[in-house]
Amino acid sequence: MIDSNNLESRIVEIYNLYYLDVYRFLICFSGNQNDAEDLTQEVFIRVLKSLTNFNGKYNLKTWIFSIAKHVAVDHYRKKRFVSLFKDVFFNQLSSNEKKPDEVFEVTELKRCIHEAIAKLKPNYRAVMILRGISECSIKETSEILQCSEAKVKVDYHRASKELKRKLNIDIEGGLTNAK
């Protein structure tokens, strides 16, 4: 339970600790900066509404990520397979240290990976983002997704295999087009 006397300062503290992690998770999940900002706001509204009922059974970060996962899945269901990763996101990533062709190659590789992740089933996508990108542990991932650790391991293995298959197809398709 959170002390209601210090609720405002506790909310500010929680927001400052976790908003960037939540935002990163949501931008990877949605692929859209504007959606990620809106979803992050929605996550912290839900956190604010439920914070007095938080009982400490789970780690606070895990609880917040669980809310973020639900917000993302709800959003995903609403949009229904709308293009998730757009070039606008990748155009914002720039490097002053690399040559333009190197930047292009890195950007293209990231685009391919994010497109391949976007094509995964939602549960595979969530586990791939949490384990592969957000670097959550198996235990944290299982708590966030509310499933067993064994399911996380199996889904991550299958998602990795599916992702490799999709990337090989895309690379082969790219090579075929280059001939």
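The largest nonpolar core of the protein has 42 residues, and those with the most contacts inside it are Phe25, Leu26, Phe29, Val43, Val47, Trp63 and Ile64; a nonpolar core is here a set of buried Ala, Val, Leu, Ile, Met, Phe, Trp, Tyr and Cys residues joined through side-chain atoms within 4.5 Å. Two or more residues are given to this core by each of the elements α1, α2 (33-50), α3 (60-79), α5, α6 (122-133), α7 (138-145) and α8 (149-178). The structure is a predicted model, in which local features need pLDDT of at least 70 and side-chain atom pairs count only at pLDDT 80 or more, whereas totals for chains, interfaces and linings use all residues. Residues are numbered from 1 along each chain as its sequence is written, and side-chain values use heavy atoms, with hydrogens and water left out.

The protein has eight helices and zero strands, and along the sequence these follow the pattern α-α-α-α-α-α-α-α. Helices (H or I, at least four residues) and strands (E, at least two) are taken as DSSP runs and numbered from the N terminus. Of the 179 residues in the protein, 36% are buried, where buried means under 20% relative accessible area, exposed means over 50%, and partly exposed lies in between (1.4 Å probe, protein chains only). Residues 24 or more positions apart account for 67% of the contacts in the protein that have a separation of 6 or more, a contact being heavy atoms within 4.5 Å. The protein exposes about 11200 Å², of which carbon and sulfur atoms supply 52%; accessible areas come from the Shrake-Rupley method with a 1.4 Å probe, and for residues only the protein chains shown count as cover.

Several residues of helix α1 (residues 7-30) can be described individually. Phenylalanine 25, one of the residues with the most contacts inside the largest core, touches Phe65, Ala68, Lys69, Ala72, Ile129, Leu130 and Ser134 when residues up to four places away in sequence are not counted. Leucine 7, also found in helix α1, is buried because its relative accessible area is 19%; the C-alpha atom of leucine 7 is separated by 9.2 Å from that of leucine 48, which is 41 residues away along the chain. Tyrosine 15, placed in helix α1, counts as partly exposed because its relative accessibility is 37%. Together with Tyr19 and Leu20, Tyr15 makes a nonpolar surface patch of about 260 Å². Patches are made of residues with over 30% relative accessible area and no salt bridge, like charges being joined within 9 Å and nonpolar side chains (Val, Leu, Ile, Met, Phe, Trp, Tyr) within 5 Å.

Salt bridges, each defined as a side-chain nitrogen of Lys or Arg within 4 Å of a carboxyl oxygen of Asp or Glu, come to a count of nine. In one of them, the side chains of glutamate 13 and arginine 10 meet at 3.1 Å, N to O, and these residues are separated by about one helical turn because they are three residues apart in helix α1. Glutamate 13 is partly exposed, with a relative accessible area of 40%, and arginine 10 likewise counts as partly exposed, at 24% relative accessibility. Aspartate 21 and arginine 24 form a salt bridge at 4.0 Å, N to O; both lie in helix α1, three residues apart, which is about one turn of the helix. An α-helix has 3.6 residues a turn, so residues three or four places apart point the same way. Aspartate 21 has a relative accessible area of 27% and is therefore partly exposed, while arginine 24 counts as partly exposed at 46% relative accessibility.

In helix α8, arginine 165 and glutamate 162 lie three residues apart, about one turn of the helix, and form a salt bridge whose closest N and O atoms are 2.5 Å apart. Arginine 165 counts as partly exposed at 41% relative accessibility, as does glutamate 162 at 23%. Elsewhere, salt bridges that share partners join Glu42, Arg46 and Asp74 into one network.

Helix α5 (residues 100-118) has 19 residues and reaches 26 Å from its first C-alpha to its last, close to the 27 Å expected at 1.5 Å a residue; the expected span is 1.5 Å times one less than the number of residues in the helix. The buried residues of α5 are His114, Ala116, Ile117 and Ala118. Serine 142, which lies in helix α7, is buried, with a relative accessible area of 7%. With its neighbours within four places in sequence left aside, serine 142 is in contact with Cys147, Ser148, Glu149 and Val152.
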